[in-house]
Amino acid sequence: MSDNLYKGFRQDEMEYQYNPRVSVPEFPELAKIRSAQARKVRESAKSWLNVPYGSSPREMLDIYAAEKPGGPVLVYIHGGYWRSGSKEDNCNFVPTFTKRGATVVLVEYDLCPQVTVTDIARQTRASVAWVYKNIIRYSGDPSKLFISGHSAGGHLTAMALAHDWQKDGLPSDLVKGAVATSGVYNLDMVMKISVQEQVSMTPEIAKLNNPFLNPPRVKCPLVVAVGGDEPKGWQQMSKDYFEFCKQNGMQVEYLIEPGANHYTMSEHLLDDSRPLTQAMIRQMGLTV
């Protein structure tokens, strides 16, 4: 591949800027910490685990009960560049919100290369629709539905906001607020780094699932967040999406989470005093 510039970066700089496993070489250790935290939550929290929302073995939800019924619902979509990650390893932050009265739902989906990003976007939309229709059975309020996602989950959050929910027979405003953290918003970039070996992005898939070509239809409050310790290219991608949403009439906030790299963003949600945690608590109208 040539040394042509991409967003101001040479080809030999692309991996560092857009592949977090390169910019955060200690990611295996950080992943182990998050997994251990998540395991404790899964073992101790009141929950309904592996609730199916579709027919695929991975079309499953973990639903964590709020300490009091009738509160808001947070649907969380994990990251992993659409090729890795699981709901089991990404629930470490759940008690921050369940103790304040929010039901938290962790979404699982199939992974590339077994499926495409188009398939995953469809699955996550199906999960949101399922939650809206069924969460009242788990004491959550479907009229107070919020979504959040990290990395690939940030992209999937953006695509949920871009969806025409009325075509599915659902309210156009079923999502009342969203928080996208460290999202993968520029899909053309994916074809230029090693992640492409597993994701198998094509120009057609990139166009169909590009948030910059699919502006938000759901005009809810949105927080676009990124870690202060993430590379300049990754931060700029979030800033560009923030500006795009602002130009398209969204009530949107850009938030840089101080001291967070790509793999410690969710760990910061365990701390009530962090700006990202505070923003999510405020958005859902929870008590600090």
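Reader: Where is Pro 113 found?

Author: Pro 113 sits in the loop between strand S4 (103–107) and H5. This is a predicted model, and in it a cis peptide bond joins Cys 112 and Pro 113.

Reader: What is omega there?

Author: Omega is about 5 degrees for the bond between Cys 112 and Pro 113. In general, most peptide bonds are trans.

Reader: OK, on to H5. How do the axes of H5 and H6 cross?

Author: The axes of helix H5 (residues 117–134) and helix H6 (residues 152–162) come within 10 Å and cross at roughly 65 degrees. Angles of 65 to 115 degrees count as roughly perpendicular, so that is what H5 and H6 are to each other. The crossing is right-handed.

Reader: Which residues make the contact?

Author: From H5 there are Val 117, Ile 120, Ala 121, Thr 124 and Arg 125. H6 contributes His 155, Leu 156 and Met 159.

Reader: How many of those are nonpolar, polar and charged?

Author: Five are nonpolar, two are polar and one is charged.

Reader: Switching topic. What is Asn 50 doing with its phi?

Author: Asn 50 has a positive phi of about 55 degrees, although it is not a glycine. Most residues other than glycine have a negative phi. Asn 50 lies in strand S1 (residues 47–52).

Reader: And why does Asn 50 count as partly exposed?

Author: Its relative accessibility is 39%, and partly exposed covers the range between the 20% limit for buried and the 50% limit for exposed. Asn 50 therefore falls in that class.

Reader: What about Tyr 81, what is its phi?

Author: Tyr 81 is not a glycine, yet it has a positive phi of about 55 degrees. Tyr 81 is placed in the loop between strand S3 (71–77) and helix H4 (94–98).

Reader: Buried or exposed, Tyr 81?

Author: Buried, because its relative accessibility is 4% and the class takes values under 20%.

Reader: Now Ser 182. Where is its place?

Author: Ser 182 is in the loop between strand S6 (175–181) and helix H7 (187–190). At 0% relative accessibility, Ser 182 counts as buried.

Reader: What does Ser 182 touch?

Author: Leaving out residues up to four places away in sequence, Ser 182 touches His 150, Ser 151, Ala 225, Val 226, Gly 227, Glu 230, Trp 234, Ser 238, His 262 and Met 265.

Reader: How far is Ser 182 from Glu 197, by C-alpha atoms?

Author: Those C-alpha atoms are separated by 21 Å, with the two residues 15 apart along the chain.

Reader: Back to Ser 151. Where does it lie, and what does it touch?

Author: Ser 151 lies in the loop between strand S5 (140–150) and H6. Ser 151 is buried, with a relative accessible area of 4%. Beyond four places in sequence, Ser 151 touches Gly 79, Gly 80, Thr 181, Ser 182, Gly 183, Val 184, Trp 234 and His 262.

Reader: Overall picture, then. How many helices and strands?

Author: The protein has 12 helices and eight strands. Its C-alpha trace spans about 55 × 40 × 35 Å along the principal axes.

Note on methods
Residues are numbered from 1 along each chain as its sequence is written. This is a predicted model: local features need pLDDT of at least 70, side-chain atom pairs count only at pLDDT 80 or more; totals for chains, interfaces and linings use all residues. Side-chain values use heavy atoms; hydrogens and water are left out. Axes are lines fitted to C-alpha atoms, for helices over the stretch in contact, and angles run from 0 to 180 degrees between N-to-C directions. Helices (H or I, at least four residues) and strands (E, at least two) are DSSP runs, numbered from the N terminus. Angles under 35 degrees count as roughly parallel, over 145 as roughly antiparallel, 65 to 115 as roughly perpendicular and the rest as oblique. A crossing is left-handed if the near helix is turned anticlockwise from the far one by less than a right angle, and right-handed if clockwise. Contact means heavy atoms within 4.5 Å. Ala, Val, Leu, Ile, Met, Phe, Trp, Tyr, Cys and Pro count as nonpolar, Asp, Glu, Lys and Arg as charged, and the others, Gly among them, as polar. Buried means under 20% relative accessible area, exposed over 50%, partly exposed in between (1.4 Å probe, protein chains only).
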